[in-house]
Amino acid sequence: MVKVIHNKYYVYEHSRIKRDGKWVTKMGKLIGSIDPLIGFIPNDSMRKDEITSVDFGEYYLAYSLSKNVLDDLISVFNIKDAYTIYFLSLIHFINGFTYLKDIDSLYRMSYLSIKYNETLSFKEKSVSSLYDSLGRRQNKVNEFEDYLISKSSKELAIDGHCIKSASNDNDLTEKGNKANQFKDDQLNVLMAYDINTSKPVLSRVYSGGTLDKISIKDLIERKNLHSLLFIVDKGFYSKENMSLFSSNDNHYIVPLWANHKLYKKITTGSSMDKLFVFERSKKRSTVEYHEEVFEDKKVIYYRDLSQNALECTDYLSKVEDGKYTMEEYLEKKDSFGTIVLESNLDKSAEEIYKLYKKRWMIETFYDYYKNRLDVNTLHLSDYYKTQGLSFIMLIASLIYSEVNKSIKEKKIKDSIETILLDARFLKLHKSNNKWNVENINQKHLEIFNMFNLNVYEEALSLIKN
């Protein structure tokens, strides 16, 4: 039977049946259409056939090196939810930030869909619902973050990250401190990060116009945090926050603004009276310092002599170019390479400095978060889904940390990006009901050998019984 709908010809099955003693026509399912130029087009397009070739190498490698993240999720979440959250995060880790509409296709075209067959769903509606649930029903999210903190070194750096938002309907989007740079609204992501294990442990999104010192107060008060060391930037400084960082046996290290009264007090007329040698990445420098105690808080004025010399040389070159004057140089030279830290920690000035310097690792993490995950523009328009997505990005970042740790343990010099790119050459192809590894050479195989992974055994394990 052919029906014309909006000037298009659709073909249906039909049959004759007897109803009330009369023969009538019964319409069946749609089986195709008619194009006047090429004729009948059946619905059984090859695009609906079983997928027989899938992406393998990068998924197998990342999955194998980060399965403990999945185990951690299983310890808190329902097992199906744990697998869904993990694989969704794995897709973001491998492909960078991925839009809702593309996730299902990437999953179905990957080795993950073969290994777990029809167990999980990544349809756009299902993923959207998961984001919403993670944002609205946060008991399990909070429990998982508490679990991460309990496993951490208890020494956490906290920082904020601005994300451009292209949505006009999201309750979190506002003009913020990057308004001139973004030329658009923004969201702020606040994350806590273990300075010793390079693992994120907390994540939450705040409105673009909210000051860091307000956001961090909310983040800390949401959790029952105790016996932790917080290493934060000067943007988080306030009397209320320092009191918060000191409660429940917590401690903090924070740099002071140049206009802070304690900064002015310790840097005016004070002479550096002690020094130590600081070493990082096989580079050594001498750091001199002066320490005082104000209201049970240590305030320490540091000067890195190597950094001071570099900045002096740079400034003098600009004096020669006429950009600055010698008077300006003489006024500023003693402040080059300096920092003033406040802390309630009962440790030496050298130990406090070294702990603070570990915070530089968070910049490496944010470089990954910004450039590799590519979350600089979010198009989600819903508050709760945005919060849910921030949790997925937290898990993707945990996967990154685990993979990076494995690479370092094997003393491999190549970056994660290079290794994943080489691993991506490996594909799986189904023939005679068996999955075979294809597009492989010795260079690609060596990547997996370094991690004691056998790609051929894994392919054999995918054979259906």
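The side chains of D104 and R108 form a salt bridge, with an N to O distance of 3.0 Å. A salt bridge here is a side-chain nitrogen of Lys or Arg within 4 Å of a carboxyl oxygen of Asp or Glu. The model is predicted: local features need pLDDT of at least 70, side-chain atom pairs count only at pLDDT 80 or more, and totals for chains, interfaces and linings use all residues. Residues are numbered from 1 along each chain as its sequence is written, and side-chain values use heavy atoms, with hydrogens and water left out.

Both D104 and R108 belong to helix α4, residues 100-108. They sit 4 residues apart, about one turn of the helix. Helices (H or I, at least four residues) and strands (E, at least two) are DSSP runs, numbered from the N terminus. D104 has a relative accessibility of 12% and counts as buried. R108 is partly exposed, at 39% relative accessible area. The cut-offs are under 20% for buried and over 50% for exposed, with partly exposed in between (1.4 Å probe, protein chains only).

A second salt bridge joins the side chains of E342 and K297, at 3.9 Å from N to O. This pair links distant parts of the chain. E342 lies in strand β14 (residues 338-343), and K297 lies in strand β13 (residues 297-304). E342 is buried, with a relative accessible area of 0%.

The side chains of E350 and K354 also meet in a salt bridge, at an N to O distance of 2.9 Å. Both residues lie in helix α14, which spans residues 349-357. Because E350 and K354 are 4 residues apart in this helix, about one helical turn separates them. E350 is partly exposed at 27% relative accessibility. K354 is partly exposed as well, with a relative accessible area of 34%. Elsewhere, salt bridges with shared partners join D104, R108 and K123 into one network. Across the whole structure, the search finds 20 salt bridges.

Another residue considered is E417. E417 lies in helix α17, residues 416-423. Its relative accessible area is 35%, so E417 is partly exposed. E417 and I94 are 323 residues apart in sequence. In space, the C-alpha atoms of E417 and I94 are 9.0 Å apart.
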